[in-house]
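Subject: Handover of a structure and findings

Dear colleague,

I am passing the structure below to you for your records. Please look through it first, and then read the notes that follow.

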Amino acid sequence: MRDYEEVTAFLGEWGPFQRLIFFLLSASIIPNGFNGMSILFLAGTPEHHCRVPDTANLSSAWRNHSLPLVRQDGREVPHSCRRYRLATLVNFSALGLEPVLDVDLERLELERCLDGWEFSRDVYLSTIVTEWNLVCEDDWKTPLTTSLFFVGVLVGSFVSGQLSDRFGRKNVLFATMAVQTGFSFVQLFSINWEMFTVLFVIVGMGQISNYVVAFILGTEILGKSVRIIYSTLGVCTFFAIGYMVLPLFAYFIRDWRMLLLALTTPGVLCVPLWWFIPESPRWLISQRRFREAEAIIRKAAKMNKISAPAVIFEPMELQELNSMKQQKVFILDLFRTWNIATITIMSLLLWMLTSVGYFGLSLDVPNLHGDPYLNCFLSALVEIPAYIIAWLLLRTFPRRYIIAGVLFLGGGMLLLIQLVPAEYYFLSVGLVMFGKFGVTSAFSMLYVFTAELFPTPVRNMAVGITSMASRVGSIIAPYFVYLGAYDRLLPYIVMGSLTVLIGIVTLFFPESFGVTLPETLEQMQKVKGFRCGKKSRTSMDREENPKVLITAF
């Protein structure tokens with residue numbers, strides 16, 4: 001029986017139909033780029049200090065000395081969360097005492113910001129932090145907001161595949177676009193932090209579901225030679241373009257509600273795509289809807305100006321497809337033997353820690369020296385060459401060496417930051433960008449590497465469970481950034497160390513480059529360092545004459 005690739009071979013690989021699908025689906029990912037990272041500016045924390053009410057009966061001298069000074073980045077600034085006890089200052093002012101001359105300020109009692117805060121408006125006019133005072137005792141709510149968004153991403157990545165299998169790729173794609181756009185719009189009317197955060201979780205569910213389903217739809221419609229380009233350069237590059245657009249919007253729109261409205265509007269522009277993007281013929285065939293699948297294939301042939309054969313699906317093939325039953329697999333199959341369990345656990349760690357590095361560096365952009373809008377743009381821009389380099393490396397070199405290599409590059413750059421003097425901040429920013437480049441390159445290779453390691457019966461499950469591990473990494477990533485509140489260098493030391501560590505672990509994976517994809521659990525290669533007996537002549541021939549194989553899935 002012919003497979004789908006053979007049935008549709010007459011369409012060609014890169015005709016007008018394929019180009020249209022490639023660019024429309026890739027373009028549908030652009031809103032994911034700026035929605036996924038919008039929290040950088042929606043929850044930006046400007047410089048702030050305790051408010052001293054105008055009604056307080058203080059002399060000008062005492063008003064100027066009402067806030068204790070702390071040293072920050074080589075300069076003295078007012079304390080963000082404490083002021084001198086106001087009642088005491090009022091008494092001193094009434095007695096005619098002068099600060100410093102008559103009163104030792106270091107011995108005065110401190111109190112919390114009982115009258116709220118004064119926020120700098122140099123960078124942000126308003127954010128959810130300034131609107132709901134998410135600072136000092138409530139500063140934990142900011143990283144929690146980001147983490148809960150990624151909890152929504154985790155849930156969405158879990159259900160999106162099942163929903164698209166049940167209701168179709170196209171229906172779920174546009175339904176999740178509507179969820180992302182609609183609930184982002186409702187966020188505009190949030191009256192408190194709790195409401196904003198609950199809605200943000202739902203936006204996260206829609207955001208990742210849209211991404212995953214667009215990825216699946218594209219890989220199922222496009223041919224083998226185009227699929228790897230779509231899954232690396234297409235989807236990932238257009239996501240980076242959306243990410244690059246975010247700081248441009250944020251630079252000109254510095255009120256968080258207006259910024260959110262501006263970021264929501266492009267989602268509406270995706271509505272006309274409904275009439276241009278077809279359902280996946282593969283999915284229709286799996287649902288035994290052969291006539292609809294054939295209609296789409298014939299339309300594609302017409303668009304490509306190719307004559308379709310009179311009969312696309314032979315009657316015997318239809319009967320065989322109807323009688324086929326899919327093999328059932330369970331998650332425990334990924335731990336059936338010591339070897340596959342080891343590879344599974346190593347894969348989970350690789351995905352999770354690489355995700356921590358990627359999202360940690362992305363979310364840490366506002367804490368870098370210099371303009372946060374420029375730094376965010378550079379952080380997004382560096383992803384495009386990272387994806388291109390990853391694609392080129394995948395075509396030429398062994399997987400585990402190139403993934404370990406870019407992880408060593410990324411982690412090493414982050415560890416070097418602690419050696420840079422504080423005044424050379426531009427060098428620190430450059431090292432962070434090189435670190436982001438390395439981690440992004442590694443992240444984009446993991447889908448291909450994981451798909452090649454695991455055998456056919458559990459391949460989709462393996463990619464699914466490891467990508468869920470990456471969502472766990474994104475959930476905890478904001479707290480790595482939060483470490484910067486205690487020490488500016490601590491996030492880079494921790495993330496750099498973990499990145500180098502997982503790079504070392506990567507070297508123990510079996511090599512998948514130039515090796516035929518395993519079809520059974522028994523055909524899986526052994527973890528490096530395990531004795532697995534004498535190699536067969538066939539496997540030796542493979543290593544001497546490797547065939548370049550880039551998996552598309």
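The notes below set out what was found, topic by topic.

Please keep in mind throughout that this is a predicted model.

Disulfides

The count of disulfides comes to two. One of them joins cysteine 50 to cysteine 113, with an S to S distance of 1.8 Å. This pair links distant parts of the chain: cysteine 50 belongs to strand β1 (residues 48–50), whereas cysteine 113 sits in the loop between β5 (110–111) and β6 (117–119), 63 residues apart. The angle about the S-S bond is -55°, and the link of cysteine 50 and cysteine 113 is left-handed. Both cysteine 50 and cysteine 113 are buried.

The other disulfide connects cysteine 81 with cysteine 136, S to S 2.0 Å. Cysteine 81 is located in the loop between β3 (75–78) and β4 (83–84), and cysteine 136 in the loop between α7 (128–132) and α8 (141–167), so this pair ties together parts that are 55 residues apart in sequence. Because the torsion about the S-S bond of cysteine 81 and cysteine 136 is about -95°, this disulfide is left-handed. Cysteine 81 has a relative accessible area of 18% and is therefore buried, the cut-off for buried being under 20%. Cysteine 136 is buried as well, with a relative accessible area of 11%.

If the bonded cysteines of the protein are numbered in sequence order, the pairing reads 1-3, 2-4.

Cysteine 236 counts as buried at 10% relative accessibility, and cysteine 376 counts as buried at 0%.

Salt bridges

How many salt bridges does the structure hold? There are eight salt bridges, and those described here are among them.

Aspartate 115 forms a salt bridge with arginine 83, and the closest N and O atoms are 2.9 Å apart. Here too the partners come from distant parts of the chain: aspartate 115 is in the loop between β5 and β6, while arginine 83 is in strand β4, 32 residues apart. Is arginine 83 buried or exposed? Arginine 83 has a relative accessible area of 3%, so this residue is buried. Aspartate 115, by contrast, counts as partly exposed at 33% relative accessibility. Arg83 and Asp115 are also linked with Glu111 in a network of salt bridges.

Glutamate 292 and arginine 289 meet through their side chains in another salt bridge, 2.8 Å from N to O. Glutamate 292 is partly exposed, with a relative accessible area of 39%, and arginine 289 counts as partly exposed at 34% relative accessibility.

A salt bridge is also formed by lysine 436 and glutamate 383, whose closest N and O atoms are 3.1 Å apart. Since lysine 436 lies in helix α20 (residues 425–453) and glutamate 383 in helix α18 (residues 383–396), the pair ties together parts that are 53 residues apart in sequence. Lysine 436 is buried, as is glutamate 383.

Threonine 344

Threonine 344 is part of helix α16 (residues 338–363). At 1% relative accessibility, threonine 344 counts as buried. Which residues does threonine 344 touch, leaving aside those up to four places away in sequence? The contacts of threonine 344 are Leu334, Phe335 and Phe454. A polar atom of the threonine 344 side chain lies 2.8 Å from the backbone oxygen of isoleucine 340. Between threonine 344 and leucine 453 there are 109 residues of separation in sequence, yet their C-alpha atoms are 9.6 Å apart in space.

Phe185, Val186, Phe189, Met258 and Leu261 make a nonpolar surface patch of about 440 Å². Two or more residues of this patch are given by each of α9 (169–187) and α12 (256–268). With a relative accessible area of 48%, methionine 258 is partly exposed.

With kind regards

Terms used. Residues numbered from 1 in each chain as written. Predicted model: local features only at pLDDT ≥ 70, side-chain atom pairs only at ≥ 80, totals over all residues. Heavy atoms only, no water. Helix = DSSP H or I, 4+ residues; strand = E, 2+ residues; numbered from the N terminus. Buried < 20%, exposed > 50% of the residue type's maximum accessible area, 1.4 Å probe, protein only. Contact = heavy atoms within 4.5 Å. Polar contact = N/O pair within 3.5 Å; in protein donor to acceptor, adjacent residues only side chain to side chain. Disulfide = S-S within 2.5 Å. Patch = residues over 30% accessible without salt bridge, like charges linked within 9 Å, V, L, I, M, F, W, Y side chains within 5 Å. Areas by Shrake-Rupley, 256 points an atom, 1.4 Å probe, with all protein chains shown as cover. Salt bridge = Lys/Arg side-chain N within 4 Å of Asp/Glu carboxyl O.
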